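Let's take a friendly walk through a protein model together. Have a look at the picture first, and then we can follow it step by step.

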Amino acid sequence: MTRYGPQFGPDITYLGVDRCDLGDPATFADADVVVLGAPFDGGTSHRPGTRFGPQAIRMTDYLPHDGSRPSLALRTDGLRDLRVVDAGDVEMYSGDIETSLTALEQAVETVTRAGAIPVILGGDHSIAFADAKGVANALGHGRVSMLHFDAHADTGDIEFGSLWGHGQPMRRLIESGALRGDRFLQIGLRGYWPPPETLDWMAEQRMRSYEMTEIVHRGLTDCLTEAFGIATDECEGVFLSVDIDVCDPGHAPGTGTPEPGGLTARQLLDAVRRICLELPVVGVDVVEVSPPYDHADITAALANRVVLEALSAIARRRRDARDGTRWDPSLPLLANRPDTTQENPS
């Protein structure tokens, strides 16, 4: 694959996992997960900088980049229990959004057809069109549902004279037929956009959008449980799209369109874990991390952990399916570990 490499910083892999080359199928033939970078901010409507997001998500971690991360919560190592490889960044020129999205869609479709789960590091949210459509091209249009975490609905029509941008990918996905409107679940919406006519269009598509007032009133757990039932009805897989601005700007300041009053970092991580434990996730993207507006790497660190939480939970789900077990989240951290305090009998 053509690579920007050091144009946007060090040409590194996600936390030191092995590299693969999408031009050489043998390098990812046995992969469970393929990480892709989408360094694109040509769809932003306000503050740019998300082209630097993939690098920040890959490298923002205080632990050694050794391709291993044992999860205290799930007792798995998502980077070793799964075969995770990194294909580097797709070449995406911010001055040509249609060419860039086409290149990304092809890369995601290649990964999905190889039997791996694509995990895409954005980039602004315009990339979600290419990400989810690439998966649906391989698995079947209308057969993949969407769980979309975001402050904004991203269902605009024509913005700044264009059909393409980070406020429009969800409308384009539904209009394309790749995803069904009635299997489109949005979590965390709030603020002062979109306008009533856009909400009318969303209602016509039978989308289900959980605004923060409803989430606070009912509780995130109940809202997710309801959303899961819809997402798995008549769909074989779930695409998880996480716009980091779903979190309150106090938890994720480094983003292009911050909106106060969102989820906490803890709520987002718990939700991602539960989704990847309970649902057949077939693709993930994490978008809208803008390092130039970040403070102390707060946003990049959260995005890094969103990816890790997803991988750890997917590994746990597969282990439970293999062993016929069911993960118990109430299990104490040190339970079932060998007791080394007892002396060996003489």
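Which helix gives the most to the lining of the largest pocket? Helix 8 does, with 7 residues. Helices here are DSSP runs (H or I, at least four residues), numbered from the N terminus. This is a predicted model, in which local features need pLDDT of at least 70, side-chain atom pairs count only at pLDDT 80 or more, and totals for chains, interfaces and linings use all residues. Residues are numbered from 1 along each chain as its sequence is written, and side-chain values use heavy atoms, with hydrogens and water left out.

Let's start with the partner of helix 8. Helix 8 (residues 265-278) packs against helix 9 (residues 298-323) at an angle of about 25°, and their axes lie 7 Å apart. Axes are lines fitted to C-alpha atoms, for helices over the stretch in contact, and angles run from 0 to 180 degrees between N-to-C directions. That angle makes helix 8 roughly parallel to helix 9, a label for angles under 35 degrees. Ala, Val, Leu, Ile, Met, Phe, Trp, Tyr, Cys and Pro count as nonpolar, Asp, Glu, Lys and Arg as charged, and the others, Gly among them, as polar.

Now back to the pocket. Helix 7 (220-231), helix 8 and helix 9 each supply at least two residues of the lining of the largest pocket. By class, that lining has 8 nonpolar, 3 polar and 8 charged residues.

Methods. Parallel < 35°, antiparallel > 145°, perpendicular 65-115°, else oblique.
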